[in-house]
Amino acid sequence: MPERARRLIPGGVNSGQRNVPGLGDLVIARARGSRFWDTTGREYTDYHAAFGPPLLGHADPDVDAAVTETARELDLCGVGVTEGEVRLAETLAELMPSFERVLLTSTGSEATFHALRVARAATGRRLVVKFQGCYHGWHDSVSLNVISAPDRVGRHDPISTGILPEVLESTLVLRFNDVAQVRETFATHGADIAAVIVEPVPHNVGCLLPDQEFLAALREECTSHGSVLVFDEVITGVRHDLGGWQRIAGIRPDLTTMGKAIANGYPIGAIGGRADLMDLFSSRPGAPVFFAGTYNGHPAVVAAALATLDKLRAEPVHEHVFRLGERVRTELSALYAGLGVPAVVAGYGSVFVTYFLAKAPRSYDDLLANDTGMFVGYRRRLLDHGIFELPLNLKRSHLSYAHTDDDVDRLLAATEIAVRAQLAD
Ligand code: PMP
């Protein structure tokens with residue numbers, strides 16, 4: 001199968017970073033709850049969670065039932081609107097403090113693309129500000145400076161070739177949590193800045209927690225210079241709080257992008273925010289900012305999202321994953337302290353990540369000191385214990401409603417064995 005895959009599919013996978021060194025032969029057969037199985041029958045407890053969507057666990061029965069029921073009645077018609085889309089818009093607007101309007105996309109990348117396009121349209125300005133370590137999808141304006149080599153930090157570091165230099169130059173890359181740099185940048189370029197886009201918690205490099213004053217400074221500078229503040233809550237929205245990080249921080253962005261956990265694994269994205277900006281989208285007749293997508297608001301996906309959000313509100317999902325997350329972080333910290341290994345077990349709620357660093361990181365620069373060999377090495381060893389934490393540098397792990405204390409017991413025991421073996425190597 002892997003050879004057959006590689007014959008026609010470049011690299012044998014359908015998304016960058018699914019092709020993990022040493023795991024080239026992994027063919028997935030089944031996924032349920034906290035587990036997945038490959039075609040050889042090997043079982044893994046899954047902490048990778050497909051980069052984050054299945055907050056309820058894989059193939060949640062309530063989500064499955066909603067999708068199946070909808071599929072029996074309705075598929076895509078591509079005209080008008082459905083009852084489900086209206087309910088989903090109402091639900092998201094109820095949950096997210098800043099949503100005066102909401103539109104659906106099929107992916108997070110489309111949501112961030114449209115956020116930046118409408119920001120440029122509304123302001124008539126060119127520049128976008130992003131932060132080193134944040135990922136916002138595959139499109140040109142943001143395809144730079146995610147996980148950069150030490151010598152590429154502090155200048156443009158595209159993650160792809162084929163991007164026009166003038167597009168790269170239209171994105172300014174700043175240091176996360178650096179209030180002074182934000183203020184200086186606005187003092188110099190404020191009149192040209194269309195948007196600031198930020199993962200309020202940069203999870204694409206594990207977990208960097210934001211200083212409250214940093215997010216507040218972004219809000220202040222955007223307000224005083226008329227720039228659009230975009231919170232990219234594709235990971236944090238829903239997973240950390242039903243009202244997103246904006247509710248936790250008490251900061252109201254102008255636009256918010258969402259995706260992933262909204263539909264527990266079905267392909268979705270959303271953009272929401274200020275009515276005056278959102279009403280520029282061409283879903284409103286005559287409005288100037290083109291917005292389209294054949295699959296936007298697909299009934300099966302919308303059914304998955306409604307079932308997911310209903311369950312997140314009706315059951316103690318956050319309570320469960322936060323308790324397990326706290327347990328994992330506390331017990332892993334004790335484990336590393338006991339072993340005398342310098343490690344920072346970072347995370348929030350259901351997310352955890354162990355950096356092999358001496359002190360808690362505040363920005364991407366601090367992560368350059370992470371011991372990559374340890375980070376990837378013990379995760380590779382965990383595979384032998386049937387535990388899947390993605391063995392790639394700086395990737396975070398996720399807990400779901402389907403994970404149990406027994407799963408956590410096994411994770412902790414296997415981690416101790418894997419780390420000891422890595423140290424002995
Ligand atoms: N923003 C963030 C914060 C993300 O983590 C991702 C995906 N990892 C995206 C945007 C892009 O979403 P998608 O892969 O659904 O296009």
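## Ligand shell

Helix α4 (residues 108–123) gives the largest share of the shell around the ligand, 3 residues; helices (H or I, at least four residues) and strands (E, at least two) are DSSP runs, numbered from the N terminus. The model is predicted: local features need pLDDT of at least 70, side-chain atom pairs count only at pLDDT 80 or more, and totals for chains, interfaces and linings use all residues. Residues are numbered from 1 along each chain as its sequence is written.

There are 15 residues around the ligand, and T107, G108, S109, G137 and V234 come nearest (near: C-beta atom, placed from the backbone, within 6 Å). By class the shell has 9 polar, 4 nonpolar and 2 charged residues. Ala, Val, Leu, Ile, Met, Phe, Trp, Tyr, Cys and Pro count as nonpolar, Asp, Glu, Lys and Arg as charged, and the others, Gly among them, as polar.

## Sheet β11-β12-β14

An open sheet is formed by 3 strands in the order β11-β12-β14, with antiparallel pairing (two strands pair if DSSP finds at least two bridges between them). β11 (344–348) and β14 (397–398) are at the edges with a single partner strand each, so one side of each has no neighbour in the sheet.

β11 is joined to β12 (residues 351–355) by 5 bridges. V344 has Y355 in β12 as its bridge partner.

## Helices α2 and α10

Helix α2 (residues 61–73) packs with helix α10 (residues 299–314) at about 145 degrees, their axes 8 Å apart. Axes are lines fitted to C-alpha atoms, for helices over the stretch in contact, and angles run from 0 to 180 degrees between N-to-C directions. Residues in contact have C-beta atoms, placed from the backbone, within 7 Å.
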